[in-house]
Number of protein chains: 2
Amino acid sequence: MVGRIEKLAKIFKVLGDYNRLGIVMVISKASRTVTEIINATGMSQTLVSFHLRVLRKAEVVTTRREGPFIYYSLTNPSLMDILNDLSHIINTAGSEMEKILEK
Amino acid sequence: MVGRIEKLAKIFKVLGDYNRLGIVMVISKASRTVTEIINATGMSQTLVSFHLRVLRKAEVVTTRREGPFIYYSLTNPSLMDILNDLSHIINTAGSEMEKILEK
DNA sequence: ATATCATATGAGTAGTTACTCATATGTATC
DNA sequence: GATACATATGAGTAACTACTCATATGATAT
């Protein structure tokens, strides 16, 4: 059995990558095909597939096949609320975090 | 200037480590000295200091000196709310995430 | 000023991670 | 079946990260 903190750390590790977070943002409003993600992010096909595999393994995203296309979407859409919350406390004016993170 | 996603990714990267998350938990209720953190986590002095440096640099924690002791606390206590939220959606019964994260 | 306790730091290393390349698989169309 | 499009995968590599060791700094008391 895996503890709470360990689970949390794993999720954070998965989300702690610029490209992966970008993908999460792209599919947050609606599910998207891999090609759509490629176009939206500007990443290479292989790189997108690489990160999707990580996101899939961590069950952050789920897939649904439709003909030749595979649609990716967030397993739990409320993840976006949390991202917004965190983004908010980071960007709050006067926050100690702000200055350091600027560089 | 650093974008929103980049900032978020950095915070996630910092929190995406078991030991670091443990430290954050330990100081979440009240500020603690390094020695207290060492005892609470069972980590070595050097390892605790190593991780505290990372947390400090990312401004996740702040310090206050009191005589020979240095007290560490969360820069933004509402971070804990977010950790709890995330932990909740991860552990929600029936969540797709649950099974994978168990191993 | 020396000894002791509390904490930080620089350097080295083993393990991990992000990325790319080449290739494979799956689906649809001809 | 051959071709074209959509996506995944295995292997290799360079860069990064967590950790340890030895040592340094800072504060207090004697």
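Residues are numbered from 1 along each chain as written, and chains are lettered from A in the order written. In this predicted model, local features need pLDDT of at least 70 and side-chain atom pairs pLDDT 80 or more, while totals for chains, interfaces and linings use all residues; side-chain values use heavy atoms, without hydrogens and water.

**View 1. The axis relating chains A and B.**

**View 2. A negative surface patch.** Asp81(A), Asp85(A), Asp81(B) and Asp85(B) gather here. Helix α5 (79-91) of chain A and α5 (79-91) of chain B each give two or more residues. Patch residues have over 30% relative accessible area and no salt bridge, with like charges joined within 9 Å. Areas are Shrake-Rupley values with a 1.4 Å probe. Asp85(B), in helix α5 of chain B, is partly exposed at 34% (between buried, under 20%, and exposed, over 50%).

**View 3. Salt bridges in both chains.** The whole structure holds two salt bridges (a Lys or Arg side-chain nitrogen within 4 Å of an Asp or Glu carboxyl oxygen). Glu66(A) pairs with Arg64(A), the closest N and O atoms 3.1 Å apart. Glu66(B) meets Arg64(B), also at 3.1 Å, N to O. Glu66(A) is partly exposed at 42%, and Arg64(A) at 39%. In chain B, Glu66(B) is partly exposed at 41% and Arg64(B) at 39%.

Conventions
Patch = residues over 30% accessible without salt bridge, like charges linked within 9 Å, V, L, I, M, F, W, Y side chains within 5 Å. Lys, Arg positive; Asp, Glu negative; His and termini not counted. Charge placed at Lys NZ, Arg CZ, Asp CG, Glu CD. Helix = DSSP H or I, 4+ residues; strand = E, 2+ residues; numbered from the N terminus. Buried < 20%, exposed > 50% of the residue type's maximum accessible area, 1.4 Å probe, protein only.
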